[in-house]
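Here is a walk through one protein chain, stop by stop. Keep the viewer open as you read.

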Amino acid sequence: MQNNQPSRRSFLALAAATGALAGLPSFTASAAPLRSSEPLSTPRHQLWWQAPAGDGSMIEQGLPVGNGRLGALASNDSGRELLLITDATLWTGGLNDTLDSDGQFPYGRADFGSLTLLARLTVEIPDHDLGAVSGYRRTLDLDNGVVTASYVRSGVTYRRQIFASRPDDVIVLHFGQDGGGRYTGSITFEGTHGETGGTAESFAGSFANGLKYGAAVKAYGSGGSVRVSGSRITFTDCRELTVVLSGGTDYAPDAAAHYRNPSLDPLALARTKVKAAARNSADTLLRTHAADHRALFGQFDLSLGTSTADQRGLDTWARIQARADTGDPDPELEAAYAQFGRYLMIAGSRDSLPMGLQGIWLDGNDPDWMGDYHTDINIQMNYWMADRLGLSQCFDAFTDYCVDQLPSWTDTTQRLFQDPRNRYRNSRGKVAGWTVGISTNPFGGGGWWWHPAGNAWLCQSLWEHYEFTRSRAHLEKIYPLLKGACEFWEARLLTTTLDNGKEVLIADSDWSPEQGPLDAKGITYAQEQVWILFGNFRTAAAELKRDAGYAATIGGLRERLYLPVVSPKTGWLEEWMSPDNLGETTHRHLSPLFNLFPGDRIRPDGSTPADIVKGATALLTARGMDSFGWANAWRSLCWSRLKDADKAYQLVVRNLRPSSNGSNGTSPNLFDIYEVEQGRGIFQIEANFGTPTAILEMLLYSRPGHLELLPALPDAWAASGSVTGAGARGGFVVDLRWHDGKPTEARIRSVGGRTTTVVYGGKARTVTLKPGQSVTLKDFAR
């Protein structure tokens, strides 16, 4: 099989030259980028539209760009380009380490805080309004990470390009044309928090929490003139115009420094960055950015089959509508949706904070749920995709966030978890280690209720990254999190006696997110997660040769943990250690199925008691097939684990249904919309990552020592297809081709793994490799 991925050596060389390995945590100085002279490749992955976004519909229609820290939504209006610009660290609020009278962390924009917009940039070109142009088209080039728009006016074709460069740490807008065209207009650059004292080219401000921020812009052109005129930048008769902007905050991922870098001047640094970038042509900036973007985007490829000529002839929004109207599979659109998720991951998760509920894309300063980090599904689902779809490097933002927050989480747990107002406090009166609230912010703060099992779920995600990469450095980094979470649960578990006289350990009073009784003991959600946590810690301690005695203690506790059974009344896997269903039968959360996915204790391969698999299947069936966004993605993943390709595929397709008037589904720009109330939908990004994860899991299931090819391949993709660069737990990367529903070739490459069994159709082959080695398997009919 052809391998189009860059070698690790060439990637490391490029990454080092562009600052990718510098470990830059936020807005800070960076090394000079490597300038690329390579010609841009012809894009294979282009999404396109025939109309721009309106000012009032940016979250549904604006096209996203980002460099992992800076993000923007672009309108692409021919006569009035609007960019809504964010910085991942521009948060109000603070440590929020108090409890209210109900035992909850305050959850408002002033106390807990909220992600907010950094700036608005408007480029007015009055004589290019939509009524005066023809042939309008805009595209999102996933291969190169560029938004483009083009149109014809007076016989001249005008083109613009917008991208967010990580090497130069700027957002770039370039306006060009073919022929004798000219640009005349103005640029307005302003903050969104009532800043005063700025200029046409920069502004600065600070929040009540002491966070300082600043932003700067510079415009330059060829032919004509560009000058500052009062509060605007004007340009007259320019053949080309380039606008570069940057900005950031003095946030620092350091609890000891109260999450601030007092020596950093955000405004001065923003000015320095735009000045440095403006020394280069737009073409040079674009080539540098595209080379950096492709180094990640090119690590994975996906083909799910061939779409029809009629489908290919439709623009992206019309294509989504047609897919829903006809019900006909559109395999190239479905693959492009997965690649769009990868594009968002590259744009939103590199060397800064991880992505929360909306990633780094906002249309105002009041995002629902503050745009925060929910720890009972949302932040975890955001990162299920990274390792599986060839973006392991993007997972680092999640790891670093947890490591950086640990001192605050530990301190707050020690001081407040046993507060008598906390309904989830440990009834044994002891507390140790750390846990989190249902919501967390970048300042160590919690929001809403305490979430005792949140520490175990975060650790499960961190551990799974180790399973994919086998990175010892990562394991050493997360080890304190694993150990501290175990200490918390060692202090929290209670002993109870079952009807058969057996003594077992159960979790103290808790809530099965986000429904049912608030004070049930032994909930399945917690029991399964603690079982996983204890097992992973024991393995980690052995791998690192640490804490042998404590690991043995934790192993002993694990053996005594109660694990859920099937209710004799409902036939479902019990959710509350009760034969009665105590909550909503079709609830969005699949909390009791945690160990079907993302865990995998429950397996339909004979290694799990048949009644448990049957009970899990019955519960999943009861939850239903028609939810929204991330809930559909989670359902799809569970059905994939149960090898039901039809149901898994139906749920992927449901997330591709077009959103209308805020209804559940996909918006014109492919953002996932969740209808929170009649006629009002909001953007939640998890489904944009969870759905691609579901697509990949239908093609490849893995756990350490076991790879299964095409476990849930739907008929819509069966004719032919391929995946290149898929991550597999155990430390492998898999390239796979199939035809007529059967694999024709599988290349297994080790990135740290040693031995695994490759399974298809009930037949197994054992593969043993050294790191860096690969083997190609064929003839699966034998």
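Ser-165 counts as buried because its relative accessibility is 0%; buried means under 20% relative accessible area, exposed means over 50%, and partly exposed is in between, with a 1.4 Å probe and protein chains only. You'll find Ser-165 in strand β8, residues 156-165. Helices (H or I, at least four residues) and strands (E, at least two) are DSSP runs, numbered from the N terminus. Leaving aside neighbours within four places in sequence, Ser-165 is in contact with Asn-67, Val-170 and His-289, where contact means heavy atoms within 4.5 Å.

Ala-616 sits in helix α15, which covers residues 610-623. Ala-616 also counts as buried, because its relative accessibility is 0%. Again leaving aside neighbours within four places in sequence, Ala-616 is in contact with Leu-573, Leu-593 and Ile-602. Between Ala-616 and Thr-98 there are 518 residues in sequence and 39 Å in space, C-alpha to C-alpha.

## About the model

This is a predicted model, where local features need pLDDT of at least 70 and side-chain atom pairs count only at pLDDT 80 or more, while totals for chains, interfaces and linings use all residues. Residues are numbered from 1 along each chain as its sequence is written, and side-chain values use heavy atoms, with hydrogens and water left out.

## Strands that pair

Have a look at the open sheet of three strands, with the order β17-β18-β19 and antiparallel pairing. Its edge strands, β17 (373-374) and β19 (446-451), each pair on one side only. Strands count as paired if DSSP finds at least two bridges between them. β17 and β18 (residues 436-440) run antiparallel and are joined by two bridges. His-374 has Ser-439 in β18 as its bridge partner.

Further along, β20 (residues 494-497) and β21 (residues 503-506) pair in the antiparallel sense, with four bridges. Thr-496 has Val-504 in β21 as its bridge partner. Five residues lie between the strands of this hairpin, and Gly-501 takes a positive phi near 90° there.

## The nonpolar cores

Which residues have the most contacts inside the largest nonpolar core? They are Ile-85, Leu-121, Trp-489, Phe-534 and Trp-634, in a core of 216 residues. A nonpolar core here is a set of buried Ala, Val, Leu, Ile, Met, Phe, Trp, Tyr and Cys residues joined through side-chain atoms within 4.5 Å. Another core lies apart from it and has 16 residues, among them Phe-27, Ala-216, Leu-269 and Ala-278.

Zoom in on Trp-489 for a moment. Beyond its neighbours within four places in sequence, Trp-489 is in contact with residues including Pro-452, Asn-455, Ala-507, Val-530 and Phe-534.

The domain assignment, which is automatic or from a database, gives domain 1 (8-326), domain 2 (372-623) and domain 3 (716-777). The centres of domain 2 and domain 3, taken over C-alpha atoms, are 30 Å apart. Nine residues of domain 2 are in contact with eleven residues of domain 3.

About 670 Å² is buried between domain 2 and domain 3, with carbon and sulfur atoms giving 43% of that area. Buried area is the accessible area (1.4 Å probe) that two parts lose on being put together, summed over both. On the domain 2 side, Glu-467, Phe-468 and Arg-470 supply 56% of the area buried against domain 3, more than any other three residues.

How many salt bridges cross the interface of domain 2 and domain 3? The rule finds three, counting a side-chain nitrogen of Lys or Arg within 4 Å of a carboxyl oxygen of Asp or Glu. Asp-600 and Arg-729 form a salt bridge, with the closest N and O atoms 2.7 Å apart.
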